[in-house]
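Biologist: I would like a close look at a single part of this model. Please take me through it step by step.

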Amino acid sequence: MKTRRVTSLAALLALAIAAFLTSGCAGGSPASTLAGRLLSVADLPAGWSAAPTNSSTVQTSAPCLSSLTANPQGPAFASAAFVQGTSIPVLGEALSAGPRAQQRWQRLNKALARCRSATITVAGTKAAVAIAPLPFPRVGSASAAYAWTFTVEGIRFGTDLILFQAGTYAGYLVYSDLGSPTTATVEAFAGAAVAKAVHGSTAPVPGSVSIASAPVLTAHTAMGAVGYRVIGSGPPLVLIVGYSTTMEGWDRLFVDALAQRYRVVIFDNAGIGATAALPAPLTIDAMADQTSALITALGLGRPDILGWSMGSMIAQALAALHPGQVRRLVLCATYPGNGTAVLPSQQAMNALNSGDEQQVLTDLFPAGQAGAQDAYLASISSYPPAPSAPAGIVADQGQAVRGWWAGNDAAGKRTATIAAPTLIADGTADRLDPLANSRTLASLIPGAKLVLYPGAGHAFLFQDQAAFVPLIESFLG
């Protein structure tokens, strides 16, 4: 589909930058020795795999770097490339050694310092690249950093290029991702590249650099096993995912951004992944009880809670049934559980349950938001493959949601007793959750704050995360 093509092109464009910068270097037997000092899959977090580095279909135009090309006396080098998940982020590394390598490193750094633009074309798709110096902690004995940014079919990508010298070695690392890569993440990869070059080995890059590479762990709770991932440090923040979705449905960039300030926990709801199923009939209240058991098992105390869609119903029930386990509450695309919920249209429900990815996406993102939709798909493609929610569990969740809407859950009737400070948010173009529901709930929960994002849909928290993440941080304190 289009999204996979866009992200694949972006990956090629990122690797094209690496290939272009090594042009003019010689191959030969020394490269085989250098290869053992490059990063390998074994050095990277879970979910990363080797990627091809063939640049024969790439055309690059960067006049500011023209003096570096066509140099038959260039040093020998070795290179490697990797991709996380199926398309993005992408990592490339090149390494060379000896006096000529140091000289070329100096020339490359001087040329890049003057660069402000380039143009790269892959398979007929052209991208204008903006280049700027990048503030970055020093790695190795000397280093310099540059940010390359480009847009492919409405999706913005950022590439951090880190040049480094370490002992007799000179090299660089290219890390490309959606938006702007996180400095701490790129620093972890660059530090590992320098250590591998100098010592021939390195401690693996920790999985904590991204939620997508954080391992799936199992908590043994009073209500059975619960599969979860955790990332970050700071006050605990538990994210509760919605209907028919695994924890891999959380936008990686959204979670990683929150993890800069919080210890973020994501998990699979009952009967999905490693999480134990609950007795029939499944209810929102029962899933809230299992979430409570997870909080207890992990020793989180009184975490902040963020729920999305069905997850926001579970979050409400948790706050009503287990108030001592909720410090602050963020409800995204939420519904009241007292029998007054305004139901989505049958057309929207049919699309959600169609099993067709594109129809589901029309429920999550409004027309005209193809860029946000594609960025979301590219972001979740970073997770290692995981089984979908079983059809039987999805059906059970559907019954649980309808029971909540009808006011059948005890917690749904106790909304007015929620004492935790509460933020309610949604998009004004949400096809699955009529705005009346957010307004109703805001009037029921004492002191609740309501924020609406114009033109955003059910996945507003990802579409407008640039504005929503700072709001969450401000609200949680």
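Predicted model: local features only at pLDDT ≥ 70, side-chain atom pairs only at ≥ 80, totals over all residues.

How much space lies in the second largest pocket?

Modeller: About 670 Å³ of space lies in the second largest pocket. Its lining counts 34 residues. Nearest the centre of the pocket lie Leu 178, Ser 180, Leu 253, Ala 257 and Gln 465.

Several elements each give two or more residues to the lining. Two are strands: S8 (155–166) and S9 (169–178). The others are helices: H4 (183–199), H5 (252–258), H10 (370–380), H13 (460–463) and H14 (465–476). Helix H10 gives the most, with 5 residues.

Now the open sheet. It is formed by 8 strands, in the order S10-S11-S13-S12-S14-S15-S16-S17. The pairing is mixed. Strands of a sheet pair through backbone hydrogen bonds, either parallel or antiparallel. The edge strands here are S10 (217–221) and S17 (449–453), and each pairs on one side only. From one strand to the next, the twist averages 25°.

Helix H7 (residues 310–321) packs on this sheet. The helix touches strands S12 (236–240), S14 (304–308) and S15. The direction of H7 makes about 145° with that of S14.

Look at one pair within the sheet. Strand S15 (residues 329–332) and strand S16 (residues 422–427) pair in the parallel sense, over 4 bridges. Leu 329 stands opposite Thr 422 in S16.

Strand S3 (residues 77–84) gives another set of pairings to inspect. S3 is mostly covered, with 7 of its 8 residues buried. Strand S1 (residues 48–50) runs antiparallel to S3, and 3 bridges join the two. Trp 48 has Gln 84 of S3 as its bridge partner.

S3 also pairs with strand S4 (residues 90–97), again in the antiparallel sense, over 7 bridges. Ala 81 has Gly 92 of S4 as its bridge partner. S3 and S4 form a hairpin with 5 residues between the strands. In that hairpin, Gly 85 takes a positive phi near 70°.

Definitions and conventions. Residues numbered from 1 in each chain as written. Heavy atoms only, no water. Pairing = 2+ DSSP bridges. Axes fitted to C-alpha atoms, helices over the stretch in contact; angles between N-to-C directions. Contact = heavy atoms within 4.5 Å. 1 Å grid on protein atoms, 1.4 Å probe; cavity = no way out; pocket = protein on both sides within 12 Å on 5 of 7 lines; lining within 4 Å. Points joined across faces, edges and corners; volume = space filled by probe spheres on them. Buried < 20%, exposed > 50% of the residue type's maximum accessible area, 1.4 Å probe, protein only.
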